[in-house]
Structure formats: C-alpha cells, structure tokens
Amino acid sequence: MKLVKKLIFFILSAGVVFAALSVGCAKEHVHEFTPWTSDGDKYHVRHCTVCEESVRAPHVFQKDECVVCHMIKDSESLVYDGVYEGQTLIGYSVSGRGEDQSPNISVPERYKGYPVISLRPEAFKGDDKLISVTLPSTVTEIGAHAFEFCAQLVSVNLGNGLISLGEYAFQSCTALERIDLPDSLESIGASAFSTCANLKIVNMRDGVTSIGAHAFSSCSNLVSLTISRGVTTLESGFASFCSNLKVITIPDGVVRISETAFAGDIALETVFLSNSVKNVGVNAFYLCNVKDVYFTGAAEQWNEIYFANGNEKLTGATLHFNAAQ
C-alpha cells in the first residue's frame, strides 16, 4: 500500500512539474487542473482550465482499478472508466475491450453496482472481429467514432434509453444492413452512418430532433429511410449519393432542406414533400431523376418555397398538390 501511495505521489508531482515547464503555455499563472480522467487503457489525462495545457500519465492499477483516475479494467471482457460528478461516482463508461475477443458484445446494465451509462469515443473503432453488439437501456450516449470502421458488424441492438449518437459513430460499418433507432434517441451526429455501403433500411423515431450533416451520405444500397417528424432541418449532404434510394418522404415539421441534402441520389424518382418546407438549398436534389412530387399543400404554398439553384430536377417534376403523406 505504501508503494502505491508513493507511485501516486510521484505521478502527481511529475505531472505538475511537467505542466509548469511546458513550453506550450503562453501564460504565467498557477495551473488549475481538472481531475484526472482516463485517456484509454494505458493513460489518464488532466487539463489546466486556464491555459488548456494537458498532462498525461500512465495508469497505476490496483485490483483492476487505476488509483489515480479510477478507470476500471475488466480483463475478461470490457474496459470501464468511472464517470464522476465532482468527486461522486455515478456510473461507468465502456472504453474498449479487455482480453475477451468474442465477436458478440453485450454491454451489461450495471458494473460493480453502478449503471453503465455510455460508450466512450473510439471505444470499438476499427474492431474487425466485432459482429454484433447489444446495449442496455442504461446507456444514454454513444461517443464519436465508437464503432467506426467495424467492417464485420452486422447486428446492432440499441437500448431504449439512448439519447445521443455521436458523430461518425457507425461510419464505414460496411456489413451493417439495418438499423432501428430507439424511441428515446434525440440526436444523431454528423456522418454517423455515412459510407455504410450495405445499409438498406433505417427506421427513425419521431423523438429525433437533431441530425448532423452527411449523417447517411454514401449509403449506396439504402432503399428505405424514415425521417423523424421532430427534425426541422435536413443538414448538408444528409442522404447524398445514396444511389439506390428511389422514394423519400420529407415529413411535416421540416422547414429547410440544406444544400446537397440528396445530391447524387440518381435513382430518386418520387418525393413526398410536406408544406412545412420553406427553403431548399443549393443542389439539394442535384443529379436526382425526380419524376413525381407529392406536395401536401396547395399550388400557392408551393410557389412560396425558396428553391436555390441546382434543384431543377425537383421543380421540373410532375407536381401533385394536396397530397397525403
């Protein structure tokens, strides 16, 4: 125990000296550091709140827990980080695999008596052994790049508790064919599912209110995309270059379709468009082959929509007014 305490004192002291001597700091001041937090399975990190200087140091494990940042190492399956509010432990976050390289991962609801509440950024990035993942309802956040480049991933079961899906979370998961997003989900990050070449079906619930740019871009086999009624803007490149998408429904509530949102969807022939839409950005439907637009409003409402350049394929299609969605 004395040896562990000496190691902690040495690491903390070395970190302070390192920060004080760092040439990256342009201000003369007393550093005010955040608590140590895990920075992967080897190191922890802390930051000065004044100058943003960072200090990294290796974990010091005692019975699978780092005595500095309290990251938990599970040698059998997953690696966990403690999540704190101030000095109070409130749950755990999964930061990657342990020694178990099973193709199927099922994240538990609880770990050491506390809920598992998130997946850290890049937790399973590039894991070419991962085939299926199941998350419990306790997980509310999936970090950025969490499953990016998991080329063998075919099955994803997201618990009905997930609120935030980080940017690039499932980018280039080329074996994934279907994703059912839970009722609880509110936010989808930029490029979350981009370049998922075999993704065919996306079911999105109406709880989603924010979707980042290029969220479903270059999903070349996408044939069905349900858009939440809670979304007001379809960001740039939203579902661009989805070359097999033939029909899209823009639901009531969407006000703006941003630039290049559906650009390059060369098979797109039918668009169901709500009269809530007021603005269609540059090249939103560029290179599409739209033949029919079913608009829920009257001709007068259609004429009030602002169409930027590059949407001639949409405006030149056969228009059907007062259509049902």
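# Close-up views of a predicted model

Figure 1. Strand 2 (residues 43-47) and strand 3 run antiparallel and are joined by 5 bridges. The structure shown here, as in every figure below, is a predicted model. Within this pairing, Y43 stands opposite P58 in strand 3. The two strands belong to an open sheet of 3 strands, in the order 1-2-3, with antiparallel pairing.

**Figure 2. The largest pocket and its lining.** The space in the largest pocket amounts to about 460 Å³. Sorted by class, the lining comprises 10 nonpolar, 9 polar and 3 charged residues. At least two residues of the lining come from each of strand 1 (37-38), strand 7 (78-85) and strand 11 (114-119). Strand 7 supplies the largest share, 4 residues.

Figure 3. Strand 8 (residues 88-97) is largely enclosed by the rest of the structure, because 8 of its 10 residues are buried. Strand 7 runs antiparallel to strand 8, and 8 bridges join the two. Y80 has V94 in strand 8 as its bridge partner. Strand 7 and strand 8 together form a hairpin with 2 residues between them, and G86 in the turn has a positive phi of about 65°. Strand 8 also pairs with strand 11, here in the parallel sense and over 3 bridges. In this second pairing, Y92 has V116 in strand 11 as its bridge partner.

**Figure 4. The salt bridge between D81 and R120.** Side chains of opposite charge can pair when their charged atoms come close. The whole structure contains 8 salt bridges. In the one between D81 and R120, the closest N and O atoms are 3.0 Å apart. This pair links distant parts of the chain, since D81 belongs to strand 7 and R120 to the loop between strand 11 and strand 12 (132-134), 39 residues apart. How accessible are the two partners, D81 and R120? D81 counts as buried, because its relative accessibility is 3% and the cut-off for burial is under 20%. R120, at 24% relative accessibility, counts as partly exposed.

**Figure 5. The salt bridge between R205 and D183.** The side chains of R205 and D183 meet in a salt bridge with an N to O distance of 3.6 Å. R205 is found in the loop between strand 18 (201-203) and strand 19 (210-211), and D183 in the loop between strand 16 (178-180) and strand 17 (187-188), so the pair ties together parts that are 22 residues apart in sequence. R205 has a relative accessible area of 37% and is therefore partly exposed.

**Figure 6. The salt bridge between E269 and K291.** A salt bridge joins the side chains of E269 and K291 (3.6 Å, N to O). The pair links distant parts of the chain: E269 is in the loop between strand 23 (256-257) and strand 24, K291 is in the loop between strand 25 (279-280) and strand 26, and the two are 22 residues apart. E269 is partly exposed, with a relative accessible area of 36%. K291 also counts as partly exposed, at 46% relative accessibility.

Figure 7. Strand 24 (residues 270-273) pairs with strand 26 (residues 292-295) in the parallel sense over 4 bridges. F272 is placed opposite Y294 in strand 26.

**Figure 8. S164 and E186.** S164 is part of strand 15 (residues 164-165). With a relative accessibility of 25%, S164 counts as partly exposed. S164 and E186 are 22 residues apart in sequence, and their C-alpha atoms are 6.1 Å apart in space.

How values were computed. Residues are numbered from 1 along each chain as its sequence is written. This is a predicted model: local features need pLDDT of at least 70, side-chain atom pairs count only at pLDDT 80 or more; totals for chains, interfaces and linings use all residues. Side-chain values use heavy atoms; hydrogens and water are left out. On a 1 Å grid over the protein atoms alone, a cavity is a set of points where a 1.4 Å probe fits but cannot get out, and a pocket is an open set with protein on both sides within 12 Å along at least five of seven lines; lining residues have an atom within 4 Å of a point. Grid points are joined across faces, edges and corners, and a volume is the space filled by probe spheres set on the points. Ala, Val, Leu, Ile, Met, Phe, Trp, Tyr, Cys and Pro count as nonpolar, Asp, Glu, Lys and Arg as charged, and the others, Gly among them, as polar. Two strands pair if DSSP finds at least two bridges between them. A salt bridge is a side-chain nitrogen of Lys or Arg within 4 Å of a carboxyl oxygen of Asp or Glu. Buried means under 20% relative accessible area, exposed over 50%, partly exposed in between (1.4 Å probe, protein chains only).
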